[in-house]
Amino acid sequence: MADRLSSKPQTPKRLAILGGLVSELWHDKAGFIGFLVIALITAMALLAPWIAPYDPAAQNVMARLQPPVWLANGDWNHILGTDNLGRDVLSRVIWGARSTLLIGASVVLIAGTIGVIVGLVAGYAGGRVDGVLMRIVDIQVSFPGILMILLIVSVLGPSTLTMIIVLSITNWMIYARQVRSIVMSVRQVPYVEAASVMGCRPRRIIFRHILPNLVTPLLTLGILEFTNIVLAEAAVSFLGLGVQPPATSWGLDVASGRDYIFIAWWLITFPGLGIVLTVLSINLFANWVRVTTDPQEREKRFAYSRAARRMVRPAEDRAVVR
Amino acid sequence: MGSFIVCRLWHGLLVVLGVSFTVFAVTRLFGDPVSLMLPLSASAEQRMAFAQEIGLDQPLFVQFIRFLGDLATFDFGESLWQRRPAIEVVFERLPLTLMLIGTGLGFAILLSIPLGMIAALRPGGFLDRFIVSAGLLGLSMPQFWVGLLLIVVFSVQLKLLPTSGMGTPLHLVLPALTLALTPLARLTMLVRSSMIDELNQHYVRTVRAKGLPFTRILRVHTLRNILISYMTLAGWELITTLAGYTVVVETVFAWPGLGLTAVQAIQRGDLFLMQAIVFVIALLIVLINIVLDIVFKMIDPRINLN
């Protein structure tokens, strides 16, 4: 009890913070399921060579267009059936997760880095630099999105690498805008002014005092952007200008299953479900992250949630007893 | 107002210049138009002649000026695929795309306001949770996949609607529904969240306390207040649809609009036609942005967009 009475604010242990977060996530069922599903999909992508029953490119003419196991003529060798070349759909879905997650993660990292740097420079420097940089952002935001991507990809030649580059240079603007607006407001805060009066170099101010404010908004934005990238990659791959065979991608598989929708609905259904599950679970998880990292939303939730009451009660009870 | 419009026009001009510069840089610096557009079997003389014809022997600066001049006069060269001026093809296909977008977005707009309001009336209730879940699902589904599933269900299984192409009004149903999906989900979510915020405002409590009928509160007070943010998002949906979603949806349903034409142009290496499409769409987007800004300024004089 003695430590509770001291006037010094306690610094909670890291493990305790993590434990608290996990318990909060557990109590937000939608967020928890989202997290679980996205963790499973990530594990599936990482372990693809070991868990996929077949080589995703291995063709088997004898077993073409086999239906999934629960339909008549389906068998356990190909749980989700086979495609027009006799390739195992389950294996292709598992491997497809790799391209999707790889492209999504790389684009968010690259575009995020570009956007954060531009936003920091624009917000911190202000004046003419800010004007020019933000004008570039405004102009590029008005570009005709996917059409432009298609034109660029068709000239450069489609591949996974081209995809990453093109999506990165067409999606960095939103980070720059958000970072700039936060930097502009944080710059006015006394501790930043104090640091600059004390003679801190701009670099130190930016990285030491301003950047930490950006972490949680950028986290939420990055997670949400990830879903946009997944959908964009799927669309471009579906049009045949994204990931190229023999590599696999869910969008690509839907495109190749398209010619067989009259006789083999499973060819488009399962890769598409992969996309839906990924995007949906990330959306659910992102919603939890947004609410958890936003102090105002947290307060609302703190007032309502049972988990919060459980955390507050013991302290209050003790105070009353004393 | 005059200086405001001039400012928007200037910004629009910069956007058009930016698009032109990017297209020029991508096609002339990173790519080789000659090998893109001529078949592999073309002889060296043919390649030289073609390069000279499109001015590749000139210095880059001269090429860029000529490129801008061509764009300004809407002279995009001849479509290799259709053997006629590219701009003709664009203007022939554009109305079909606009028809598709008009139907789809119109549907999304008509439905999103009542749906969002129903959800907002009782947040956390059954209807609200249903609408929010459906919206989240709608935002998570890729449009090409939804389109294909709709074809499987309504055309292949139930045989109610045609699979693809155009002709009768029935041909428009599935593509328009597919196109409407994402905008409908996003707009409904926006109406819901801004309605909830608005209904919690103190003025709503005041007017309710003084006995105003609830429908009048919605019509006169809250709906007007969410109008600006709604129109901003609706305009943005129009732009993203025009610039991208139509390509996917038209490809799925073989709807012969500008999006399908773009994909076909790429498949046939028809760079000139592709350039014309990108440029015309960019111009349209600029125009839409200007009109929207002016409308916003007219309905809400507080807005200062300079």
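Let me start with the largest cavity, which is lined by D83(A), R87(A), V89(A), R92(A), V93(A), D253(A), S256(A), G257(A), L267(A) and P271(A). A cavity here is a set of points, on a 1 Å grid over the protein atoms alone, where a 1.4 Å probe fits but cannot get out, and a lining residue has an atom within 4 Å of a point. This is a predicted model, in which local features need pLDDT of at least 70 and side-chain atom pairs count only at pLDDT 80 or more, while totals for chains, interfaces and linings use all residues. Residues are numbered from 1 along each chain as its sequence is written, chains are lettered from A and ligands numbered from 1 in the order in which they are written, and side-chain values use heavy atoms, with hydrogens and water left out.

The largest cavity holds about 80 Å³ of space, where a volume is the space filled by probe spheres set on the grid points, and these points are joined across faces, edges and corners. At least two residues of its lining come from each of helix 5, helix 12 and helix 13 of chain A; helices (H or I, at least four residues) and strands (E, at least two) are DSSP runs, numbered from the N terminus. By class, this lining has four nonpolar, two polar and four charged residues, and in this scheme Ala, Val, Leu, Ile, Met, Phe, Trp, Tyr, Cys and Pro count as nonpolar, Asp, Glu, Lys and Arg as charged, and the others, Gly among them, as polar.

Now to the pockets, a pocket being an open set of points with protein on both sides within 12 Å along at least five of seven lines. The second largest pocket has about 670 Å³ of space and is lined by 27 residues, of which L101(A), A105(A), V108(A), L109(A) and F226(A) lie nearest its centre. Which helix gives the most to this lining? Helix 5 of chain A does, with 11 residues, and the lining as a whole divides into 19 nonpolar, seven polar and one charged.

The axes of helix 7 (residues 145–156) of chain A and helix 1 (residues 2–30) of chain B come within 9 Å and cross at roughly 15°; axes are lines fitted to C-alpha atoms, for helices over the stretch in contact, and angles run from 0 to 180 degrees between N-to-C directions. The two helices are therefore roughly parallel to each other, since angles under 35 degrees count as roughly parallel, over 145 as roughly antiparallel, 65 to 115 as roughly perpendicular and the rest as oblique. Helix 7 of chain A passes helix 1 of chain B in a left-handed crossing, a term used if the near helix is turned anticlockwise from the far one by less than a right angle, with right-handed used if clockwise. In this contact, meaning heavy atoms within 4.5 Å, M148(A), L151(A), I152(A), V155(A) and L156(A) meet residues of helix 1 of chain B, among them V19(B), V23(B) and F30(B).

Helix 7 of chain A also meets helix 8 (residues 160–170) of chain A, where the axes come within 10 Å and cross at roughly 145°, and this crossing is right-handed. The contact is made by I149(A), I152(A), V153(A) and L156(A) of helix 7 and T162(A), V166(A), L167(A) and T170(A) of helix 8.

Within chain B, the axes of helix 6 (residues 126–140) and helix 8 (residues 170–199) come within 8 Å and cross at roughly 140°, and these helices are therefore oblique to each other. Their contact residues divide into seven nonpolar, four polar and three charged.

I will close with two backbone details. A cis peptide bond joins P245(A) and P246(A), with omega about 10°, and P246(A) is found in the loop between helix 11 and helix 12 (250–257) of chain A. In chain B, A254(B) has a positive phi of about 50° although it is not a glycine.
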